[in-house]
Amino acid sequence: YSNKAAVLPLQLAAFDVDPIATVSFSNHTGYPSVAGARLAPGGLATLLAGLGANGLASSYDYVLTGYVGSAATLDELRDALAAGWGRREGEGEGARARPLVVVDPVMGDHDR
């Protein structure tokens with residue numbers, strides 16, 4: 001579960017957290033053997049579209065990335081944000097028009 005290190009501290013700081021796993025590995029990739037899978041191409045876009053279809057896409061103040069299994073997955077997030085995912089309409093003074101995006105630069109190490 002790729003976001004477990006970030007979820008608990010954010011929850012303890014009173015954030016409502018909706019983790020979306022982009023990878024599901026047996027262990028850290030620094031070990032000699034790793035089993036599991038990355039989210040398939042189009043997977044993140046599908047999950048974000050599902051949130052949008054239920055009216056939840058505009059409920060986020062922050063987006064924090066963690067381990068991203070491929071550049072394509074990061075492209076999907078970029079494209080969704082550019083298309084207006086997360087944009088708030090008609091919010092009161094002081095509200096963000098878009099979520100603050102924090103990119104943790106963790107990427108696959110290709111065995112290095």
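Two salt bridges are counted here, a salt bridge being a side-chain nitrogen of Lys or Arg within 4 Å of a carboxyl oxygen of Asp or Glu. The model is predicted, so local features need pLDDT of at least 70 and side-chain atom pairs count only at pLDDT 80 or more, while totals for chains, interfaces and linings use all residues. Residues are numbered from 1 along each chain as its sequence is written, and side-chain values use heavy atoms, leaving out hydrogens and water.

Me: Why is the contact of Arg 78 with Asp 75 called a salt bridge?
Reply: The closest N and O atoms are 3.2 Å apart, and because the limit is 4 Å, the pair counts as a salt bridge.

Me: How are Arg 78 and Asp 75 placed in helix H3?
Reply: They are three residues apart in helix H3 (residues 71-82), and are therefore separated by about one helical turn; helices are DSSP runs of H or I with at least four residues, and strands are runs of E with at least two, numbered from the N terminus.

Me: What makes Asp 79 a partner of Arg 78?
Reply: The closest N and O atoms of Asp 79 and Arg 78 are 2.9 Å apart, within the 4 Å limit. Salt bridges that share partners join Asp 75, Arg 78 and Asp 79 into one network.
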